[in-house]
Amino acid sequence: QPELSGDFGRIMEWADRTRRMKVRTNAETPADARAARSFGAEGIGLCRTEHMFFEGSRINVMREMILAEDEAGRRASLAKLLPMQRSDFVELFEIMHGLPVTIRLLDPPLHEFLPKTDEEIAEVATALSIDEAVLRLRVDTLHEFNPMLGHRGCRLAISYPEIAEMQARAIFEAAAEAARATGAAVVPEIMVPLVGLKAELDYVKARIEDVAKAVIAESGVPIDYLVGTMIELPRAALRAHVIAESAEFFSFGTNDLTQTTFGISRDDASAFLSTYIQKGIVEQDPFVQLDFDGVGELIRIAAERGRRTRDDLKLGICGEHGGDPASIHFCEEAGLDYVSCSPFRVPIARLAAAQAAFKGVKA
Ligand code: PEP
Ligand code: MG
């Protein structure tokens, strides 16, 4: 972390002495992780692994995997992705040097990896040596009208457990490698997205545990790790006491939680929300500032119920609201342990967390 000088340095020093909540970052690239560290991030609160697959030739391997005919085909593509993913994680662990790193298993709706236009279909058919008509049929089978409410998050890991197994293997092998290289213990936090049912988390967690045992036996390196879940569906918040039986941490995905609580699409909302704000129907865009009364109530419920089951349940937030000062004040009051935000928001979040803690002491 660079030395901060002058008034800014003094303010940040005060902030860090005063705040209770930790400040982590949302990052999946080494550049973002390094930038966040230089701004004072105390770990990674959300590594969105799907972003790692959109780059360059990786998207083709991913497409090949999703469009494969059977499990053997998927496993062949996953074997190509494993070394890439392992080196991604080694780099992040080394940059974070023993600080917590939360890695989320693949989340995106499948359509993000599917070829869309006729040209794309033709291109992918050539790249994958599949007949164009056969490919079109497979794409049609995977098509969804509401992909954000469809085959994504843990649902993908349940349909195709081999994807979660590859990612878990990459995480554990990387943790062993980074621990050897840096001498600092690496305790990965593996996060399962879009959980609504404890049984979903249990299914995925069992796959993760099997892989952990195998990698620990193969590498001879003992690896501690946590398994937790995103809380981004109202059902998960309401059933937090049950889900906490299987989760060692919760991270509030307030982007999806806002979407699913309001029933407003996070991707298409802006047009009518600006009318709502103009006409005074809502005061704020709830995707920017947390809706304290509704979404916030679900967070309070989940925090209270989750900790009733497990009093050391670690609680964080990794939706966009984790970098919004007013929402950070809410997180302090709700008893969260950390906020996670984009790298450039880290200094603001450190300051807001301090102001929130200071207000709490004064009140
Ligand atoms: C969220 O839903 O708040 C979240 C952090 O996940 P994503 O934005 O990747 O869906
Ligand atoms: Mg989400």
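## A pair of strands to start with

In this predicted model, strand E3 (residues 101-104) and strand E4 (residues 188-192) run parallel and are joined by 4 bridges. To find the pairing on screen, look for Val101, which stands opposite Pro188 in E4.

## One residue inside E3

Now zoom in on Ile103, which lies in strand E3. Is Ile103 buried or exposed? Ile103 counts as buried because it has 26 C-beta neighbours inside 10 Å, and the cut-off for a buried residue is 20 or more.

Which residues is Ile103 in contact with, leaving aside its neighbours within four places in sequence? They are Cys47, Thr49, Phe89, Ile171, Pro188, Ile190 and Met191. Take Phe89 as an example: Phe89 and Ile103 are 14 residues apart in sequence, and 8.8 Å separates them in space from C-alpha to C-alpha.

## Strand E6 and its two partners

Strand E5 (residues 226-231) pairs with E6 in the parallel sense over 3 bridges, and here Met230 stands opposite Ser251 in E6. E6 is also joined to strand E7 (residues 314-317) by 4 bridges, and E6 and E7 run parallel. The bridge partner of Phe249 in E7 is Lys314.

In a regular strand the side chains alternate between the two faces of the sheet. Strand E6 (residues 249-252) has Phe249 and Ser251 on one side and Phe250 and Phe252 on the other. These residues are all buried, so both faces of E6 are covered.

## Around ligand 1

What surrounds ligand 1? Its shell consists of Leu46, Arg48, Asp107, Glu232, Gly253, Thr254, Asn255, Asp256, Cys318 and Gly319. By type, these shell residues divide into 2 nonpolar, 4 polar and 4 charged.

Strand E2 (44-48) and helix H12 (254-262) each supply at least two residues of this shell. H12 gives the most, with 3 residues.

H13 is hardly covered: among its 9 residues, the count of buried ones is 0. Just after H13 comes Gly280, which takes a positive phi of about 75 degrees.

## The chain as a whole

Finally, view the protein chain from a distance. Its secondary structure comes to 16 helices and 8 strands, and 46% of its 363 residues count as buried. Among the contacts with a separation of 6 or more, 72% are between residues 24 or more positions apart.

How far does the C-alpha trace span along its principal axes? The spans are about 70 × 55 × 40 Å. A compact globule of 363 residues would have a radius of gyration near 21 Å, and the protein chain has 21 Å, so the two agree.

Terms used:
Residues are numbered from 1 along each chain as its sequence is written. Chains are lettered from A and ligands numbered from 1 in the order in which they are written. This is a predicted model: local features need pLDDT of at least 70, side-chain atom pairs count only at pLDDT 80 or more; totals for chains, interfaces and linings use all residues. A residue is buried if 20 or more other C-beta atoms lie within 10 Å of its own, exposed if 12 or fewer, and partly exposed in between; C-beta atoms are placed from the backbone. The radius of gyration is taken over C-alpha atoms; the globule rule is 2.2 Å times the number of residues to the power 0.38. Two residues are in contact if their C-beta atoms, placed from the backbone, lie within 7 Å. A residue is near a molecule or strand if its C-beta atom, placed from the backbone, lies within 6 Å of it. Ala, Val, Leu, Ile, Met, Phe, Trp, Tyr, Cys and Pro count as nonpolar, Asp, Glu, Lys and Arg as charged, and the others, Gly among them, as polar. Two strands pair if DSSP finds at least two bridges between them.
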